[in-house]
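Student: I have a new structure open and would like to go through it step by step. Can you take my questions as they come?

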Amino acid sequence: MATIASPGTRQENLDQKVPVYNVVLLDDSEHTYDYVVEMLQKLFALSAEASWNHAVEVDTTGRTIVMTCELPAAEFGRDQIHAFGADWRMPISKGSMSAIVEPCPVR
């Protein structure tokens with residue numbers, strides 16, 4: 001005998017896509033490339049090369065997506081960036097870099 005899934009069952013819920021969000025690092029003039037590389041390696045376990053590529057992208061385009069995930073993890077990632085602190089290499093650096101969370105376009 002075959003089992004037919006009715007509306008509201010687990011199978012129907014599995015077919016729905018979970019929305020994902022981008023953690024976007026924003027450019028400023030108070031942080032060095034070394035700071036960006038160090039921060040991304042420590043917070044997101046990115047390689048030195050991937051971190052460097054993000055540093056170049058944020059510097060040249062004004063923003064870079066450092067992580068795409070579900071909302072709670074994205075908000076945590078953004079908060080980690082905001083809490084990382086100033087760049088000790090630059091006396092004008094008064095605090096952390098900025099980051100935002102934005103919905104990822106439909107996949």
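This is a predicted model: local features need pLDDT of at least 70, side-chain atom pairs count only at pLDDT 80 or more; totals for chains, interfaces and linings use all residues.

Student: OK. How many helices and strands does the protein have?

Tutor: The protein has 4 helices and 3 strands. Helices (H or I, at least four residues) and strands (E, at least two) are DSSP runs, numbered from the N terminus.

Student: And in what order do the elements run from the N terminus?

Tutor: The order is α-β-α-α-β-α-β.

Student: What share of the residues is buried?

Tutor: Of the 107 residues in the protein, 26% are buried. Buried means under 20% relative accessible area, exposed means over 50%, and partly exposed is in between (1.4 Å probe, protein chains only).

Student: Let's do the sheet. What is the strand order?

Tutor: The 3 strands form an open sheet in the order β2-β1-β3, with antiparallel pairing. Two strands pair if DSSP finds at least two bridges between them.

Student: Which are the edge strands?

Tutor: β2 (63–69) and β3 (98–103) are the edge strands, and each pairs on one side only. From one strand to the next, the twist averages 25 degrees.

Student: How many bridges join β1 to β3?

Tutor: There are 6 bridges between β1 and β3, which run antiparallel. As examples, Leu26 has Ser98 in β3 as its bridge partner, and Val24 stands opposite Ile100 in β3.

Student: What about β1 and β2, how many bridges there?

Tutor: β1 and β2 pair over 6 bridges, in the antiparallel sense. Leu25 has its bridge partner Thr64 in β2.

Student: How much of β1 is buried?

Tutor: 5 of the 6 residues of β1 are buried, so the strand is mostly covered.

Student: Pick one residue there. Where is Tyr21?

Tutor: Tyr21 is in strand β1 (residues 21–26).

Student: Is Tyr21 buried or exposed?

Tutor: Tyr21 counts as buried, because its relative accessibility is 18%.

Student: What is Tyr21 in contact with?

Tutor: Leaving aside neighbours within four places in sequence, the contacts of Tyr21 include Met67, Cys69, Leu71, Val101 and Cys104. Contact means heavy atoms within 4.5 Å. The C-alpha atoms of Tyr21 and Cys104 are 4.7 Å apart in space, although the two residues are 83 apart in sequence.

Student: What share of the contacts joins residues at least 24 apart?

Tutor: The figure is 69%, taken among contacts between residues at least 6 apart in sequence.

Student: Changing topic: at what angle do α2 and α4 pack?

Tutor: Helix α2 (residues 33–44) and helix α4 (residues 71–82) pack at about 140 degrees, with axes 11 Å apart. That makes α2 oblique to α4. Angles under 35 degrees count as roughly parallel, over 145 as roughly antiparallel, 65 to 115 as roughly perpendicular and the rest as oblique. Axes are lines fitted to C-alpha atoms, for helices over the stretch in contact, and angles run from 0 to 180 degrees between N-to-C directions.

Student: Which residues make the contact?

Tutor: Met39, Leu43 and Phe44 of α2 meet Gly77, Gln80 and Ile81 of α4.

Student: Now the loops. Where is Ala45?

Tutor: Ala45 is in the loop between α2 and α3 (48–61). Ala45 has a positive phi of about 55 degrees although it is not a glycine. With 67% relative accessibility, Ala45 counts as exposed.

Student: And Ser47, where does that lie?

Tutor: Ser47 also lies in the loop between α2 and α3. Ser47 is partly exposed, with a relative accessible area of 42%.

Student: Last one: what does Gly95 touch?

Tutor: Gly95 touches His31, Gly85, Ala86 and Asp87, not counting residues up to four places away in sequence. Gly95 is in the loop between α4 and β3.

Definitions and conventions
Residues are numbered from 1 along each chain as its sequence is written. Side-chain values use heavy atoms; hydrogens and water are left out.
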